[in-house]
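Subject: Structure handover

Hello,

Here is the structure we spoke about. Please open it alongside this note; my findings follow below.

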Amino acid sequence: MVNKNTTNSKKSLRHQPIPFVISTFDERYFIVDKLLNDINNLFDQSIVFLASEKKEYNSEHKNIIFNHLKYDNNPRTNNLKNECQSWGHRLFKSLQNLKEKGHEYVIWLCDDTRINEVNYDYDLVEVMKKHKIDRFHLSNITTRLYKLENFEGDLKRINPSSQYYSSHQISCWNIDSLLKVTYPTDNAGKHEGEAGNRARNHKMLFTCHQPPIYQAMNNYREQHGGFALKTEEEVNGHIEKLKDHQNFN
């Protein structure tokens, strides 16, 4: 991916392409539309893998090399919180797919993310490799939930004792590391709740940047047990509450 919003000219950048993987469900494609528009508008060229179930999705964004990964051989079953049990299977298989294609890093995010600004002028892969970083938290971060330690310049280490050590907020991951904390049997809630402990057990290095290099936020607030908001009407009701945010100007 080549970032459009950097302080230096494009010619000075040496960014290696890092693919995006978007985890989603078939009925949430209208949210994916908004996220793909963000990516298309912010980068000159991006590789995007959409991990969904079985419904076809077509992207005609000129700045996106689009790949659709569909997993219809693992039927969806829900628990009492209405969390999809095939969620972890689809993420795990997607990461394996990227590894087979020769990718080492991935920017992984869920479909409810919106990105309105990207601002950095260094090679993200180079920084990840230099420090052997497992996960680079890309968006704004709250010190109420995360304990940050000085690491190198504006790069901060996220202390493993942080209340919310791992999360589903937009991050650049070493694919091997994300595979280690992702179990095919995970639903989204279990993954977000337990990935932190799995990362601690593997002594992973999680970092962030202050100020953040991505300005991003959730497209809507998930309530009532994870993915209970399924219909466009339900989601738009929550989006109405967020319209004063700059992402929705």
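Strands here are DSSP runs of E with at least two residues, numbered from the N terminus. The model is predicted.

Start with the overall picture. The protein chain has twelve strands and six helices. Of its 249 residues, 53% are buried. Among contacts with a separation of 6 or more, 69% join residues 24 or more positions apart. The accessible surface of the chain is about 11,800 Å². Carbon and sulfur atoms hold 44% of that surface.

Next, helix α1. This helix covers residues 29-42. Is α1 mostly covered or mostly open? It is mostly covered, with ten of the 14 residues buried. Among those buried are Tyr 29, Phe 30, Ile 31 and Val 32. Leu 35, Leu 36, Ile 39 and Leu 42 are buried too.

Last, the second largest pocket. Its space comes to about 160 Å³. The lining has 13 residues, and the closest to the centre are Asn 119, Tyr 120, Pro 211, Pro 212 and Ile 213. Which strands supply at least two lining residues each? They are β6 (113-118) and β12 (214-218). By type, the lining has seven nonpolar residues, four polar and two charged.

Best wishes

Conventions. Residues are numbered from 1 along each chain as its sequence is written. This is a predicted model: local features need pLDDT of at least 70, side-chain atom pairs count only at pLDDT 80 or more; totals for chains, interfaces and linings use all residues. Side-chain values use heavy atoms; hydrogens and water are left out. On a 1 Å grid over the protein atoms alone, a cavity is a set of points where a 1.4 Å probe fits but cannot get out, and a pocket is an open set with protein on both sides within 12 Å along at least five of seven lines; lining residues have an atom within 4 Å of a point. Grid points are joined across faces, edges and corners, and a volume is the space filled by probe spheres set on the points. Helices (H or I, at least four residues) and strands (E, at least two) are DSSP runs, numbered from the N terminus. Ala, Val, Leu, Ile, Met, Phe, Trp, Tyr, Cys and Pro count as nonpolar, Asp, Glu, Lys and Arg as charged, and the others, Gly among them, as polar. Buried means under 20% relative accessible area, exposed over 50%, partly exposed in between (1.4 Å probe, protein chains only). Contact means heavy atoms within 4.5 Å. Accessible areas come from the Shrake-Rupley method with a 1.4 Å probe; for residues, only the protein chains shown count as cover. The expected span of a helix is 1.5 Å times one less than its number of residues.
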